[in-house]
Amino acid sequence: MDVELARTFLEIVRARSFVRAAEQLNVSQTAVSARVRTLEEQLGRPLFVRNKNGASLTAAGEQFLRYAPMFVQLWQRARHQVAVPPGRRAVLTIGGEVSLWHPWLTEWLRWMRRSAPDVALRVQVDVPDSLTDQVSTGALDVAVMYSPQYRPGSRVELLLEEKLVLVSTKAESKVVEPDSYVYVDWGPDFAHHHELSFPEDNNPGLFVGLGPLALTYILEAGGSGYLRQRAVAPYIAAGKLHPVAGAPSFSYPVYAVCSAQADDELIGLALDGLRSIASTDRADRVPVAASPMPL
């Protein structure tokens, strides 16, 4: 459906007149009538009753009024997301899990602004299932996540072998203390290995489903928990957090899921930046006193 048909329909509803709608749209009354006729032919139902007082909706028109605003809004949003802004040569859309945006993907945004200032970026935060769906349908060019699902229309590339390490606000902590331990939900693989390593500590008093939230809480209230090695490195360096001696660390790899419908050059550029950040991440990593556990 032509979006102008829906816009014309909504303007007639607002103005309650074909004549006033034509004036507002800056087109002829004949054009407005032709658009309504086309819309009614496409829907197979009359939408307006015209009378001396203007125009009123039919029952079918009332039904269509429920959907027309959403159709126009969706088109406006899609145009905003897809259209290439003036002075830019292309648009790259990328999504990521919330726990990856700071600082990892924020660094990637800075890399892109330096390396490809002529590429417009559309970024968003979402949950893994939604990100995967959007990549497979082409709504996103790239999604960065921890545990991707393989779908038709996408390919998956390993970017970084992240580590989850046990840290505490207590300098000499050597065990998981149930009263102050924060269990962070890092997914089923982590839950499995956590249970093997700490069979007696799998019913925590505080369960948090988001790593950054757990980090903020531990820093403010004290305690311990498994967090991303890169995220806690500056706090370890500052003496605000301490590795728990002898605790196992767990592998938590980061992946890029790329749409098969995206431009290969843009995907290559995005991956170059992500790999660059991943390489820096490996080089700058602060050593943590934990014994790696094979996964």
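A nonpolar core here is a set of buried Ala, Val, Leu, Ile, Met, Phe, Trp, Tyr and Cys residues joined through side-chain atoms within 4.5 Å. Buried means under 20% relative accessible area, with a 1.4 Å probe and protein chains only.

I am working on a predicted model, where local features need pLDDT of at least 70, side-chain atom pairs count only at pLDDT 80 or more, and totals for chains, interfaces and linings use all residues. Residues are numbered from 1 along each chain as its sequence is written, and side-chain values use heavy atoms, without hydrogens and water.

**Cores.** I looked up the largest nonpolar core and found 56 residues. Trp104, Trp108, Val144, Tyr226 and Leu274 have the most contacts inside it. Helix H11 (residues 264–283) gives the largest share of this core, eight residues; helices are DSSP runs (H or I) of at least four residues, strands (E) of at least two, numbered from the N terminus. I also noted a second, separate core of 15 residues, which includes Leu5, Val32, Ala55 and Ala60.

**Rings.** I found 12 aromatic pairs. Rings of Phe, Tyr and Trp (its six-membered ring) pair if their centres lie within 6.5 Å; planes under 30 degrees apart are stacked, over 60 edge-to-face, the rest tilted. Phe18 and Phe48 are edge-to-face, 5.6 Å centre to centre, with 80 degrees between the planes. Phe18 lies in helix H2 and Phe48 in strand E1, so the pair ties together parts 30 residues apart in sequence. Phe18 is buried at 5%, and Phe48 is buried at 10%.

Note on methods
Buried < 20%, exposed > 50% of the residue type's maximum accessible area, 1.4 Å probe, protein only.
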